[in-house]
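Here is a brief report on fold and charge pairing. Please look over the entry shown next.

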Amino acid sequence: VTDTYLDGWNQQANMGQHGTFSIRQDGIRTALIRYELAVPSEAKVTQASLSLWLAYASNPGQVTLRAYRLLRPWDENTANWLEAEVGSLWAAPGAGGADRLAEPVGQVSLAGAQKWVEIDLTSAAQYWAQHPGEKFGVVLVSAGGVSVEHQFASSQWQEQDQRPKLGL
């Protein structure tokens with residue numbers, strides 16, 4: 001797994017080696033996550049889910065976490081709010097606009113912390129199986145009327161059993 005988050009308040013910072021990734025409503029902080037799937041192109045993906053350990057919430061407010069399939073490559077160690085990779089700007093800051101599908105491929109309600117959250121990514125995994133050159137992952141965006149930040153265990157999280165998992 002490869003992951004990072006993009007921070008609208010710290011636009012030139014790269015967060016790819018942090019133990020957590022943060023998501024804040026209205027796209028102030030978004031997260032990128034990608035798996036290198038080895039699925040034959042003729043395979044029919046009947047179920048795929050992304051499991052994330054929700055380590056922290058700034059308050060108990062409820063928001064919706066949405067996953068959008070990314071349409072372009074990005075680099076975990078250089079991506080920031082403005083750039084997908086060194087010298088390559090996002091179409092819209094924070095991996096918005098033309099950098100992702102307009103409609104989410106999965107979503108889930110978030111409230112509280114210290115629990116697993118699961119997002120159905122079946123349609124995205126099927127697409128990646130059929131288009132192996134376009135496995136750019138998803139951007140996770142929080143939406144809702146409550147000001148709340150969520151922190152999830154990343155691929156660098158100390159507890160290996162709480163790192164992101166993609167189940168097929």
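This is a predicted model: local features need pLDDT of at least 70, side-chain atom pairs count only at pLDDT 80 or more; totals for chains, interfaces and linings use all residues.

Residues are numbered from 1 along each chain as its sequence is written, and side-chain values use heavy atoms, with hydrogens and water left out.

**Overall fold**

The protein chain has one helix and 12 strands. Helices (H or I, at least four residues) and strands (E, at least two) are DSSP runs, numbered from the N terminus. The order along the sequence is β-β-β-β-β-β-β-β-β-α-β-β-β. The radius of gyration, taken over C-alpha atoms, is 15 Å, close to the 15 Å that the globule rule gives for 168 residues, so the chain is as compact as a globular protein of that length. That rule is 2.2 Å times the number of residues to the power 0.38. The C-alpha trace spans about 45 × 35 × 30 Å along its principal axes.

Of the 168 residues, 51% are buried. Buried means under 20% relative accessible area, exposed over 50%, and partly exposed in between (1.4 Å probe, protein chains only). Contact means heavy atoms within 4.5 Å. Among contacts between residues at least 6 apart in sequence, 79% join residues at least 24 apart.

**Salt bridges**

The structure holds five salt bridges. Each is a side-chain nitrogen of Lys or Arg within 4 Å of a carboxyl oxygen of Asp or Glu. The table gives some of them.

| Pair | N to O distance |
|---|---|
| Aspartate 7 and arginine 29 | 3.1 Å |
| Arginine 29 and glutamate 149 | 2.6 Å |
| Glutamate 36 and arginine 34 | 3.9 Å |

Aspartate 7 pairs with arginine 29. The two are 22 residues apart, with aspartate 7 in strand β1 (residues 2-7) and arginine 29 in strand β3 (residues 29-34). Aspartate 7 is buried, and so is arginine 29.

Arginine 29 also forms a salt bridge with glutamate 149. Glutamate 149 lies in strand β11 (residues 149-153) and arginine 29 in strand β3, so this pair ties together parts that are 120 residues apart in sequence. Relative accessible area is 13% for arginine 29 and 8% for glutamate 149. Asp7, Arg24, Arg29 and Glu149 are linked in a network of salt bridges.
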